[in-house]
Amino acid sequence: EQLINQIAAGEVIERPASVVKELVENAIDAGATRIEVELDGGGVKLVRIRDDGGGIAPDELPLALTRHATSKIGSLEDLESVQSMGFRGEALPSIASVSQFRIISRRRDDAHASMIEADNGRLSDVRPAQHPPGTTVEMRELFFNVPARRKFLKTERTELSHIEDQLRAMALARPEVGLHLKHAGRDLLRLSRAESIAERVDALLGESFLEQSLSIEHHVAGLSLHGFVGLPTAARSSADRQYFFVNRRLVKDRVIAHAVKQAYADVLFHGRYPTFVLFLDLDPTAVDVNVHPAKAEVRFREQRMVHDFLFRSLHEALAQTRA
Ligand code: ADP
Ligand code: MG
């Protein structure tokens, strides 16, 4: 079992940023309105994530660390139309198998919190603990028991910047969630709950981003695209400001990239690849977001239709800016 978990960890957990992604997704799935991320050593030494979500029942703590014991899927039909961020029940057991791991959790009506620990994949008993309603998940010394993988981690600074990228993207997709990031005791990001995507974009990418961009909103049967695209006059055009979300997940996809690039190339920009924050929403059964546990790939049922919708929506919007 420990070995299977470690092998799965190889798939899901590449580096500290993948740990942060999985844990923050869980907090979001649990309905958190505030998430605190505390790191040390680029997230290799410590990732501690505290949320104010629904919490975990004491007797479910061991289950949360057991493979494929997700609480989020009731049936095969659910699997088809999964809305929550994670559903494999793979992340926690994987992370726990390659780190020193601890969960402390309390549901709103519980008299006290409960804690479980995992060391080298071995689970402790569930013990009473102190914690406000919500959950804290703590991971220390990633890959301490898999030296070959630990060796491949990059410098503290590099690992930290992967985490920051990851969190910025998640923060854009979840403006309604407050987010606080600390590294080695130092504040790196403090986002209060926002009312709108625009407000969050403003807080994250700076006021000038909105001033120099065009707001987009397009709908056709079952497909919706909204967000912001940088104007051709925008001062900056950098790869770190290209965000595309499908059903609120950050995605890197060839079909999408092609449609976006074509639309821009057609209208303006002369080869310059612009900045954007775009959200495509569609029926969850029309897209497979779980092609690979950790990769940001998607597979659309109707590739052509999605491509053409994106191209046309962007093309139309951009053409206006020329007029
Ligand atoms: P998945 O998210 O795919 O269900 P995970 O391994 O990420 O699997 O998590 C296992 C289970 O632990 C979840 O299904 C959920 O019930 C519980 N869980 C994990 N993190 C939290 C959290 N922050 N708040 C509440 N429940 C959580
Ligand atoms: Mg999960």
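Start by selecting Gly206: just after helix H8, this glycine takes a positive phi of about 90°. Helices here are DSSP runs of H or I with at least four residues, strands are E runs of at least two, and both are numbered from the N terminus. You are looking at a predicted model, in which local features need pLDDT of at least 70, side-chain atom pairs count only at pLDDT 80 or more, and totals for chains, interfaces and linings use all residues. Residues are numbered from 1 along each chain as its sequence is written, while chains are lettered from A and ligands numbered from 1 in the order in which they are written.

**Helix H8 and its cover**

Now step back and select H8 itself, residues 197–205; Ile197, Arg200, Val201, Leu204 and Leu205 are buried there. Buried means that 20 or more other C-beta atoms lie within 10 Å of the residue's own, exposed means 12 or fewer, and partly exposed is in between, with C-beta atoms placed from the backbone. Look down the axis of H8: its buried residues fall within an arc of 100°, so they line one face of the helix. That arc is taken from the directions between the helix axis and the C-beta atoms.

What covers this face? Among the elements over the buried residues of H8 are helix H7 (156–173), helix H9 (207–211), strand E11 (223–230) and E14.

The axes of H7 and H8 come within 9 Å and cross at roughly 155°, which makes H7 roughly antiparallel to H8. Axes are lines fitted to C-alpha atoms, for helices over the stretch in contact, and angles run from 0 to 180 degrees between N-to-C directions. Angles under 35 degrees count as roughly parallel, over 145 as roughly antiparallel, 65 to 115 as roughly perpendicular and the rest as oblique. Show the side chains where they meet: Arg168, Ala171 and Leu172 in H7 against Arg200, Val201 and Leu204 in H8. Contact here means C-beta atoms, placed from the backbone, within 7 Å.

**The five-stranded sheet**

Next, select the open sheet, whose five strands run in the order E10-E11-E14-E12-E13 with mixed pairing. Its edge strands are E10 (213–220) and E13, each pairing on one side only. Two strands pair if DSSP finds at least two bridges between them.

Zoom in on E12, residues 242–246, where four of the five residues are buried. On one side, E12 pairs with E14 (residues 276–282) in the parallel sense over five bridges.

Most residues other than glycine have a negative phi. Select Asn247 in the loop between E12 and E13: its phi is positive, about 45°, although it is not a glycine. With 19 other C-beta atoms within 10 Å, Asn247 is partly exposed.

Then jump to Glu141, in the loop between strand E7 (134–140) and helix H6 (147–150). Glu141 has a positive phi of about 55° and counts as partly exposed, with 15 C-beta neighbours inside 10 Å.

**The whole chain**

Finally, colour by pLDDT, the predictor's confidence in each residue from 0 to 100. The chain mean is 89, and 88% of residues reach 70 or more.

Notes
Two residues are in contact if their C-beta atoms, placed from the backbone, lie within 7 Å.
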